[in-house]
Amino acid sequence: DKGGGDMQSMTNMAKPSFRIIPKKASLPLGMVLFLLYAWICIGRPQEIVPALIVLRLGLVTGGLGLLAWLRAPGWLSDKIPVEVPVVRDVMILVGVAMITVPISVWPAHSLLFLFNVFLKTVLLFLLVIYWCRSVQDVRRLVWVYCIASVAVVIPGALSRHAGQERYFLESLSYDPNDIALLQVM
């Protein structure tokens, strides 16, 4: 009896204890492309490193993000939930913008603004709605925004320019008020 008890305890000690570690879920490619596009839209690395301008990073990441979004499971009506009031209002604004281009004061410039600025912002809006499904996804996006805004603000803060032109000279697309807003956020 004594030997069996000791043998039992020896057998229990000899068994290796394995911990099951849950496998980390990898990010979908669409989410990665969306986060890259958000970083390019906010951080504008091509302004800090002008050699990147020829790569057209915004067009590439935005186009790939759009393709991934279109190829993701679900119907287009699921991806653009117009029953949500904010989405419906944005889609109405897109329609009004497209309709009013021909009657604008400067139609060519209005068309350029529509495609170069406004529709990129709408694309980012739609990608946020589709890819940010959990608190963890929103945290990822917030981190991307923080890192991207630091990438814009740091060169301006480190520049040796004095006065109002300090931050304006560091960004081709942000004015001093935009940079101040990024710093506050």
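This is a predicted model: local features need pLDDT of at least 70, side-chain atom pairs count only at pLDDT 80 or more; totals for chains, interfaces and linings use all residues.
1. Surface patch. Helices α2 (29-43) and α8 (135-158) each contribute at least two of the patch residues. The most comes from α2, which gives 4 residues. I147 belongs to helix α8.

2. Packing of α6 and α7. Helix α6 (residues 85-100) packs with α7 at an angle of about 165°, and the two axes are 12 Å apart. Angles over 145 degrees count as roughly antiparallel, so α6 is roughly antiparallel to α7. The crossing of α6 past α7 is left-handed.

3. Contacts between α6 and α7. On the α6 side, the residues in contact are V86, V87, V90, M91, L93, V94, A97 and M98. Their partners in α7 are L114, F118, L119, V122, F125, L126 and I129.

4. Packing of α4 and α7. The axes of helix α4 (residues 57-71) and helix α7 (residues 107-131) come within 11 Å of each other, crossing at roughly 45°. The two helices are therefore oblique to each other. Here too the crossing is left-handed, with α4 passing α7.

5. Contacts between α4 and α7. From α4, the residues G62, G65, L66, A68 and W69 meet α7 at L123, L126, L127, Y130 and W131.

Note on methods
Residues are numbered from 1 along each chain as its sequence is written. Side-chain values use heavy atoms; hydrogens and water are left out. Axes are lines fitted to C-alpha atoms, for helices over the stretch in contact, and angles run from 0 to 180 degrees between N-to-C directions. Angles under 35 degrees count as roughly parallel, over 145 as roughly antiparallel, 65 to 115 as roughly perpendicular and the rest as oblique. A crossing is left-handed if the near helix is turned anticlockwise from the far one by less than a right angle, and right-handed if clockwise. Contact means heavy atoms within 4.5 Å.
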